[in-house]
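I opened my notebook today to look up a few things in a structure. Here it is, so that you can follow along.

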Amino acid sequence: MQAFNEFATSLFGPAGPMIVIAGLGILLLVLAIPMFFMSRSNPMDRLNTTNASGRQKVDAATRAVLREKHKNQKLNKYAQFLEPQDAKELSDVRMKLLQAGYRTKDAVQIYYFAQFALGIGGLILGIVYFYLILDPANASTQQTVMYTLGPGAAGYMFPKYWVTSRMQKRQEEIEGGFPDSLDMMLVCVEAGQSMDQAIVRVSKELRASYPSLADEFELVSYEMKAGKDKTNVLNDMGERCGVQDVMSFVTVLNQSQSFGTPISDALRVYAAEMRDKRVMRAEEKANKLPTKMTLTTMMLTVPPLLIILVGPSVVGIQQLGSLGGSMGQ
């Protein structure tokens, strides 16, 4: 780093390192702009040219309507740049966004676009702040890198932090409201409703208290009405929630359906377990509270206590010292 600083200073003067970094940023922008306009070849067009027999031809107007309905054309134009090329990475990012509550078709592209835009924007703001407010001539290499590349790195990591935080809050909400949903579902099933009707009713009742869990149950009801296999629907719900309690509940329902056991019995047992588990989580948090409060209690109570106990003695010693000095004189 010192050699780079000396080399850049010898070429461009005291502001040499900043000029080199700014030039690299501009070069990155120049190289990235053409990639925005490079779009992936349309597989539907390739299919239309290769199928000369006409057996697999698709109407062009229908294709255009479907693409316009399911894709954002502005983002889809840059899909090659705004989506990971690795299928596993794409699947992981899409699942993470689903667990955070973002279900749109363009969620992955918007996520990567936000990372790119905030990263470049932070880099530009850092360079402007460094040149206009600080003194580039007296800044060290560490300060240069920190004030220029730091905002860009923070902007690039902000979407990831936001999605992770939202996913954790959503999972905590689902985990907190799941025992109540099981109790409601058990009441509905024992009242004579089917499992599908119970899920619809529970989704409506939970809307005010736990909207994320209500959305999941509502999506499950829609998929069941559409004719999707119930086992796959429940498995997808467990993956979208990302909560161990929901995954266990899905396993219980699938086993109950496979072996032909009454769903009400399985719900009754599992609901009781979820209530006990919620009580255990509350007791765990209560037991952690004294440990967390120890440091705060010591910081707020020990200094006043020392002042109250030791303060009079210190004042008395000072008075005796001053009295002895006056008598010696």
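How many helices and how many strands does the secondary structure of the protein chain come to? I noted first that this is a predicted model. Then I looked up the answer: there are 14 helices and 0 strands. Reading along the sequence, I wrote down the pattern α-α-α-α-α-α-α-α-α-α-α-α-α-α.

**Entry: the whole chain**

I looked up burial next, and 29% of the 329 residues of the protein chain count as buried. The chain exposes about 21100 Å², and carbon and sulfur atoms supply 63% of that area. I also checked the contacts with a separation of 6 or more: residues 24 or more positions apart account for 63% of them.

**Entry: a surface patch**

Which residues make the nonpolar surface patch of about 720 Å²? I found M298, V302, L305, L306, I308, L309, V310 and V314. Is L309 buried or exposed? Its relative accessible area is 56%, and exposed means over 50%, so L309 is exposed.

**Entry: aromatic rings**

I turned to the rings and kept one idea in mind: a pair of aromatic rings is described by the distance of the centres and the angle of the planes. My search of the whole structure gave 5 aromatic pairs.

One of them joins Y111 and Y112, with ring centres 5.4 Å apart and planes at 80 degrees. Planes over 60 degrees apart count as edge-to-face, so that is the name for this pair. Why do Y111 and Y112 count as buried? The cut-off is under 20% relative accessible area. Y111 counts as buried because its relative accessibility is 13%, and Y112 does because its value is 16%.

I then looked at Y129 and Y147, whose ring centres are 6.1 Å apart. Their planes stand at 40 degrees, so I wrote "tilted" beside this pair. The pair links distant parts of the chain, as Y129 lies in helix α8 (residues 107-132) and Y147 in helix α9 (residues 141-190), 18 residues apart. Are these two buried, exposed or in between? Y129 has 36% relative accessibility and counts as partly exposed. Y147 has 30% and also counts as partly exposed.

Methods: Residues are numbered from 1 along each chain as its sequence is written. This is a predicted model: local features need pLDDT of at least 70, side-chain atom pairs count only at pLDDT 80 or more; totals for chains, interfaces and linings use all residues. Side-chain values use heavy atoms; hydrogens and water are left out. Patches are made of residues with over 30% relative accessible area and no salt bridge: like charges are joined within 9 Å, nonpolar side chains (Val, Leu, Ile, Met, Phe, Trp, Tyr) within 5 Å. Accessible areas come from the Shrake-Rupley method with a 1.4 Å probe; for residues, only the protein chains shown count as cover. A salt bridge is a side-chain nitrogen of Lys or Arg within 4 Å of a carboxyl oxygen of Asp or Glu. Buried means under 20% relative accessible area, exposed over 50%, partly exposed in between (1.4 Å probe, protein chains only). Helices (H or I, at least four residues) and strands (E, at least two) are DSSP runs, numbered from the N terminus. Contact means heavy atoms within 4.5 Å. Rings of Phe, Tyr and Trp (its six-membered ring) pair if their centres lie within 6.5 Å; planes under 30 degrees apart count as stacked, over 60 as edge-to-face and the rest as tilted.
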